[in-house]
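Here are my notes on this model, as numbered points. Have the coordinates open while you read.

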Amino acid sequence: MLVLIGSFFLAVTLGIPISMSIGVSAVLYLLFYGSVSLAVIAQQMTLGIDSFPLLAIPLFLLAGMIMSEANITTRIIGFANALVGRITGGLAMVMVISCMFFGAISGSGVADVTAIGSLMLPAMDRQGYKKGLSASLLGCAGSLGTVIPPSIVMIILGVTTGTSIGKLYMGGIIPGVFTGCCLMGLAWVYAKRMHLPPGEPFAVGKVATAFRQAFLSLLTPVIIIGGIITGVFTATEAAAVASAYALVLGLFVYRSLKLSQLPAIFLRVAETTGIILFIISAAALFGWILAAEQIPQRLAAFFLSISQNYYVLLILINVLLLILGTFMETIAIIIIVVPVLMPLVTSLGMDPVHFGVMVTVNMAIGANTPPVGVDLIAACKVGHTTLDDAMPYIWPFVAAMTIALIFVTFIPPLVTFIPQMFLR
């Protein structure tokens with residue numbers, strides 16, 4: 001185990017990509033200590049991605065990229081601006097709400113950051129928002145795409161743990177919105193302190209007009225969630241429906257998307273999907289070794305030796321996930337660490353859906369904590385600023401998200417209420 005874990009962390013420290021670090025450490029272990037045929041490498045890596053629900057990943061990515069390229073996000077931002085633009089720090093709140101809406105289409109934090117940030121950050125600069133503040137808020141708000149359905153992270157989590165993806169989607173609604181409200185509350189405090197101006201006056205007519213313009217775009221999450229709740233289609237089929245709907249909107253309804261743009265979109269989707277699936281396949285091999293060595297059972301026994309109190313153990317799990325989130329990618333954590341923790345939470349009697357959503361909120365926080373912090377890094381690139389500029393602001397926003405995590409952890413109905421109501 002020292003060879004397996006040690007070589008993995010050494011590779012990460014040397015700057016080798018996570019996917020390669022996982023694969024190299026697993027192969028080294030099998031070469032020197034494994035008692036099985038090396039054919040198991042290809043076998044386990046193939047089995048790791050041989051899953052029908054994983055088809056939803058490229059399809060949701062496609063839907064999000066089409067929406068972005070077709071400039072449909074501008075309609076979503078216009079509606080959010082009509083709703084809250086007048087409030088002090090209105091642009092900041094518009095950005096958070098827009099990220100929540102777009103996250104309910106793309107299912108990807110980085111896609112959320114890129115699509116919304118490229119439109120919102122220049123406007124925030126003109127109103128006097130500091131670049132570091134704007135980028136920090138954008139990174140945290142964009143990461144809500146991993147919590148609010150349809151979430152690509154939840155798809156991987158559901159496949160890895162055998163938990164219903166539909167129930168995870170339903171369970172993420174309240175925590176996602178609540179976390180967004182925490183971010184908006186802190187943004188309002190910053191706006192007050194910096195004397196930032198509000199937007200245009202609120203007008204019912206303006207809201208109605210903006211809603212009418214954005215209505216078809218906002219229908220996307222309604223179609224996805226509604227279809228899953230009613231049983232019309234599965235989460236994977238919902239991704240196909242979302243992609244088809246986005247194509248129809250872009251090509252025929254708004255006519256803001258050209259056929260000539262599609263090859264580039266398909267190529268970007270294929271590249272992103274390839275990266276994700278390679279991480280999953282490498283982590284599947286790594287996870288197989290951990291399971292063969294009974295690491296999940298040993299970790300569960302270790303945690304229980306510290307304390308058998310339910311709440312203390314939940315705190316320990318959250319602390320572990322938050323620490324790992326600072327230097328590991330979300331997908332790697334889910335595929336390697338979550339299956340190890342699953343026997344422990346099962347023995348505690350914790351609802352798998354509750355646990356899954358708690359993990360996704362942890363991952364949203366980890367996506368904004370250096371040195372990895374992929375969403376924060378993406379936000380800084382979009383905002384043409386540096387991590388140094390963002391540092392004074394990112395930690396208060398991370399603290400706001402951690403407050404939301406505490407509520408999600410210790411008040412299970414925030415997660416389980418909607419799944420129990422609609423999906424029995």
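1. Which residues lie nearest the centre of the largest pocket? They are Ser108, Val110, Ala111, Thr272 and Ile276, out of 31 lining residues. The volume comes to about 900 Å³. For the method: on a 1 Å grid over the protein atoms alone, a pocket is an open set of points with protein on both sides within 12 Å along at least five of seven lines, a cavity is a set where a 1.4 Å probe fits but cannot get out, and lining residues have an atom within 4 Å of a point. Grid points are joined across faces, edges and corners, and a volume is the space filled by probe spheres set on the points.

2. Before going further, the ground rules. This is a predicted model, where local features need pLDDT of at least 70 and side-chain atom pairs count only at pLDDT 80 or more, while totals for chains, interfaces and linings use all residues. Residues are numbered from 1 along each chain as its sequence is written, and side-chain values use heavy atoms, with hydrogens and water left out. The mean pLDDT (the predictor's confidence in each residue, from 0 to 100) is 87, and 99% of residues reach 70 or more. Helix 1 (residues 2-13) has the lowest confidence, at a mean of 80, and helix 19 the highest, at 96.

3. Back to the pocket: helix 7 gives the most to its lining, with six residues. Helix 2, helix 4, helix 9, helix 14, helix 17 and helix 20 are among the helices that each supply at least two. Helices here are DSSP runs (H or I, at least four residues), numbered from the N terminus.

4. There are also two cavities of 30 Å³ or more. The largest cavity holds about 40 Å³, and its lining includes Gly325, Thr330, Met363 and Val374. Helix 17 and helix 19 are the elements that give two or more residues to that lining.

5. Helix 11 (residues 173-194) checks out: its 22 residues should span 32 Å at 1.5 Å a residue, and the end C-alpha atoms are 32 Å apart. The expected span is 1.5 Å times one less than the number of residues. Its buried residues (under 20% relative accessible area; exposed is over 50%, partly exposed in between, 1.4 Å probe, protein chains only) include Pro175, Gly180, Leu186 and Tyr190. The buried set packs against helix 6, helix 8, helix 10, helix 19, helix 21 and helix 22.

6. Histidine 195, which follows helix 11, has a positive phi of about 55 degrees although it is not a glycine. Histidine 195 counts as exposed because its relative accessibility is 70%. Histidine 384 sits in the loop between helix 20 and helix 21, also has a positive phi, near 55 degrees, and is exposed at 69%. Most residues other than glycine have a negative phi, and most peptide bonds are trans.

7. The peptide bond from proline 149 to proline 150 is cis, with omega near 0 degrees. Proline 150 belongs to the loop between helix 8 and helix 9.

8. Is serine 21 buried or exposed? Serine 21, in helix 2, counts as buried because its relative accessibility is 0%. A polar atom of its side chain lies 3.1 Å from the backbone oxygen of isoleucine 16. Beyond its neighbours within four places in sequence, serine 21 is in contact (heavy atoms within 4.5 Å) with Phe8, Ala11, Val12 and Ile16.

Definitions and conventions:
A polar contact is a pair of N or O atoms within 3.5 Å; within protein, one must be able to donate a hydrogen and the other to accept it, and residues adjacent in sequence count only if both atoms are side-chain atoms.
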